[in-house]
Amino acid sequence: MAEKPAVLIIGGLGYIGRFLALYIQKNNLASEVRIVDKVLPQLAWLAPEFEDACSKEKFMQADASKEQSLPRIFDRSNGKQWDYVFNCGGETRYSQEDEVYRVRSLALSVAAGKEAAKRGVKAFIELSTGMVYKPDSQPSKEGDKLKPWSKIAVFKLQAEEELAKIEGLNLIIVRLAHVYGDYASQFVATALCLARVYQHLHEEMKWLWTKDLRVNTVHITDAARALWAVADWYAVQKQANWDSTSMGKIPIFNIVDKGQTSQGTMADIIGKLFGIETGFQGQLISTFARLNMDSVVDDVNDEVLQPWADLLEEAGITRPGPLTPFMEKELLKDTDLSMDGSRLEKVVGFTYEKPNITKELVQDMIDSYTRIGWWPVAK
């Protein structure tokens, strides 16, 4: 490909989509970029550095799960086709009704995949989750047993399977660990909000289960770099080093750092950053929690949501952004998110710039929240 690829990012204003757009823009990797999202940019909590990467010239408001939107999404003014399509779309909130995921995640993936196949798109990259693996403290490789343990994962796995059946689709599947970094609002961010509440209450922050429970992570800038590397490997390097007999017909890659992040790792970092005691609930309470998950989670949420609201009010924060200490039941299960990312390194030649989560990287997250006006800074 002498000229740079033309790139379509579906769900391009989502957390991963916007960082992918920023990476492409900063490194001048594409001849054209189109960002499609059903949310308008002014409602997407975009930080100032995304202004150019997600500018209104590049943006199209559309719902890719609706088939009548697809011609508008995929048609280019010059009559050519997109080279790379990244599907960063889908429902990312936990604990929704099945129907929400069926429409917003599964139907969207299948509709976009069929359209990409019809148009001969060179690489279609489907974002999935490491939660599709059977939980195990041993890191799961791409060919290991699957047993999705969140609703998001159930429908993401169905999307993977449906896409694999589409004739002529140049499909690559990536499964991600917990993505963290500047402006992140999930998993690690929730722990930070909880820590801020416990700091304010002068209480110990206690975690369920054990310090060894795996909660693997990957930094957003590495995730964005990896997505591009995979597309480039598929379309330009013609899938070098891929052995379909041992690895399967469809390339699948885990995107996860090398740190094997556990609850203990997180508790240690958070304790140091917030100057609070952190610990684990012990066998008895954890066993009780396993049997009474709903009431345990409701109790924690009742305990922390009001102090968080008070902190925001004290700090004069009227538009707090997407941050919340609200705990999701689905994420509080005693299940390991444990993945092996070596295939991406061996096959694609990818190198992680942030191979493990550190106190400094988590501090950067808090700094990003402070900059954008979401964070109740300790007085």
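Reader: In which hand does α8 pass α12, left or right?
Author: The model is predicted. In it, the crossing of α8 past α12 is right-handed.

Reader: At roughly what angle do the axes of those helices, α8 and α12, cross?
Author: The axis of α8 (residues 263–274) and that of α12 (residues 359–372) cross at roughly 60° and come within 10 Å. The two helices are therefore oblique to each other.

Reader: And α3 with α4: within what distance do their axes come?
Author: The axes of α3 (residues 98–118) and α4 (residues 151–164) come within 9 Å, crossing at roughly 25°. Angles under 35 degrees count as roughly parallel, so α3 is roughly parallel to α4. Here, too, the hand can be given: α3 passes α4 in a right-handed crossing.

Reader: Turning to pockets, how much space lies in the second largest pocket?
Author: The second largest pocket holds about 220 Å³ of space. It is lined by 15 residues, and Phe 19, Leu 22, Tyr 23, Lys 26 and Thr 221 are the closest to its centre.

Reader: Which elements give two or more residues to that lining?
Author: Those elements are α1 (15–26) and α6 (220–235).

Reader: What is the make-up of the lining by class?
Author: Seven residues lining the second largest pocket are nonpolar, five are charged and three are polar.

Reader: Which residues does the UniProt domain annotation cover?
Author: An unreviewed UniProt entry annotates residues 7–235 as "domain: NAD-dependent epimerase/dehydratase".

Reader: How much of the chain over residues 7–235 is helix, and how much is strand?
Author: Over that range the chain is 36% helix and 17% strand. The C-alpha atoms at its ends are 12 Å apart.

Technical notes:
Residues are numbered from 1 along each chain as its sequence is written. This is a predicted model: local features need pLDDT of at least 70, side-chain atom pairs count only at pLDDT 80 or more; totals for chains, interfaces and linings use all residues. Side-chain values use heavy atoms; hydrogens and water are left out. On a 1 Å grid over the protein atoms alone, a cavity is a set of points where a 1.4 Å probe fits but cannot get out, and a pocket is an open set with protein on both sides within 12 Å along at least five of seven lines; lining residues have an atom within 4 Å of a point. Grid points are joined across faces, edges and corners, and a volume is the space filled by probe spheres set on the points. Helices (H or I, at least four residues) and strands (E, at least two) are DSSP runs, numbered from the N terminus. Ala, Val, Leu, Ile, Met, Phe, Trp, Tyr, Cys and Pro count as nonpolar, Asp, Glu, Lys and Arg as charged, and the others, Gly among them, as polar. UniProt positions are given in the numbering used here, feature names are shortened, and annotations may be inferred rather than shown by experiment. Axes are lines fitted to C-alpha atoms, for helices over the stretch in contact, and angles run from 0 to 180 degrees between N-to-C directions. Angles under 35 degrees count as roughly parallel, over 145 as roughly antiparallel, 65 to 115 as roughly perpendicular and the rest as oblique. A crossing is left-handed if the near helix is turned anticlockwise from the far one by less than a right angle, and right-handed if clockwise.
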